Amino acid sequence: MVKTLGWLTAAALAAGLVMAFGVAPREVTQGNVQRIMYVHVPLILASYVAFVVLAVASLVYLVRRDPAADGVAHASGEVGVMFVGLGIATGSIWGKPTWGTWWTWDARLTSVAILFVMYLGYLLLRGTIDDPERAARYCAVLGIVAALDIPLVHFSVYWWRTLHQPPSLMKPGGFTGSSSILWPLLVNLLAFILLYVYFVARRARLLRAQAEAIA
Amino acid sequence: MIAAALVYMIYAGVTQSAVYFVTPSELGSAPVAGKAYRLGGMVERGSLRWEPSTLSLTFALSDGKASVAVRHKGAPPDLFGEGRGAVVEGSWTPEGYFRATHIMAKHSEEYKAPHDTNQASIKELMRTLSGGSR
């Protein structure tokens, strides 16, 4: 099952790559730099998915004390941190030629930096507690609290004055732009969500095997 | 600490004590010379002057109600232009203009394929290549 998912993910990523460079046009105002969007937006949205799954799995763990739920939360944290980190990096690379700066402390960039640091802290917390049951319990609480930052990141561009533009995809009224840009974006979004699911499936299985080996 | 940072951001946002940039109206009503500001607005049409030999850039930032004259030394980012949003960092001078040290272009959330414009420009290119008369 996981193997099939892996091939499906690889196919979706390949299709996304071809669409980002072959199907998508050269954007009018930004030119080729805009193509970074096909990685940047899916990375960030897939990390939202990862952190929401993490929060739900944490809640399930607190209620049922099921180690499998903790494994899913742990794996989602690792993948989510990687995705947000890459999302920030790609955003920065895009920001320099378009905005004229690598970084600025507006509400969107600040709140996403907090998101990144919080989930890094989440992984650190896991590593610093030697009793696995206690580590899982503490991390579950942090995992639920940290998720509160996700709406802050998403709505920051509406609530405060920012340099970052408002969402172009995840908003009422749908995408503002050409359909030849929308489709490559959606295919890449699907590909990165599949990649997240694939990574978590593999990682959670490994974590379970690890826990059994120790026990 | 994390919770405190979140609470601070929410608090600061609600009280408007931590705004990312001020608008030309807000700056115009109480400008303090020498104080560092971040100023955001639309680059007024017809106001942009670029002197490549001295690298001096002058333009006016407007929010529809008030307008602020801005001067800068150096080339702006590619997306900077008239009728587009910009955020500038710098300070208000006693001489009555805003001296910008850093210019950032604000981008809209719209992404367009070049369909029509491209076709038109190709036609235009063909016309000029074939020596068409106007």
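**Entry 1: the contact between the chains**

I looked up the contact first: 40 residues of chain A and 34 residues of chain B take part in it, contact meaning heavy atoms within 4.5 Å. The model is a predicted one, in which local features need pLDDT of at least 70 and side-chain atom pairs count only at pLDDT 80 or more, while totals for chains, interfaces and linings use all residues. I note that residues are numbered from 1 along each chain as its sequence is written, that chains are lettered from A and ligands numbered from 1 in the order in which they are written, and that side-chain values use heavy atoms, with hydrogens and water left out.

I then took the area: chain B and chain A bury about 2,900 Å² between them, with 62% of it on carbon and sulfur atoms. Buried area here is the accessible area (1.4 Å probe) that two parts lose on being put together, summed over both.

I searched for salt bridges between chain B and chain A and got one; the rule asks for a side-chain nitrogen of Lys or Arg within 4 Å of a carboxyl oxygen of Asp or Glu. The pair is A:R161 with B:E26, whose closest N and O atoms are 2.7 Å apart.

On the chain B side, α1 (2-15), β5 (85-92), β6 (98-105) and α3 (115-129) each supply at least two residues that touch chain A. Helices (H or I, at least four residues) and strands (E, at least two) are DSSP runs, numbered from the N terminus. I find that α1(B) gives the most to this side, with six residues. By class, the side has 18 nonpolar, seven polar and nine charged residues. Ala, Val, Leu, Ile, Met, Phe, Trp, Tyr, Cys and Pro count as nonpolar, Asp, Glu, Lys and Arg as charged, and the others, Gly among them, as polar.

**Entry 2: the largest pocket**

I put the volume of the largest pocket at about 630 Å³. On a 1 Å grid over the protein atoms alone, a pocket is an open set of points with protein on both sides within 12 Å along at least five of seven lines, a cavity is a set where a 1.4 Å probe fits but cannot get out, and lining residues have an atom within 4 Å of a point. Of the 21 lining residues of the pocket, A:D70, A:H74, A:P132, A:L207 and A:A211 are the closest to its centre. The largest share of this lining, six residues, is from α7(A). I sorted the pocket lining into 12 nonpolar, three polar and six charged residues.

I also checked A:D70 for a partner: A:R126 forms a salt bridge with A:D70, the closest N and O atoms being 2.8 Å apart. A:R126 is in helix α4 of chain A and A:D70 in helix α3 of chain A, 56 residues apart.

**Entry 3: the cavity**

I counted one cavity of 30 Å³ or more. The largest cavity holds about 550 Å³ of space. Of its 30 lining residues, the closest to the centre are A:H40, A:V41, A:I44, A:R108 and A:H164. I see the largest share of the cavity lining, seven residues, coming from α3(A). By class, this lining has 19 nonpolar, 10 polar and one charged residues.

Key. Points joined across faces, edges and corners; volume = space filled by probe spheres on them.
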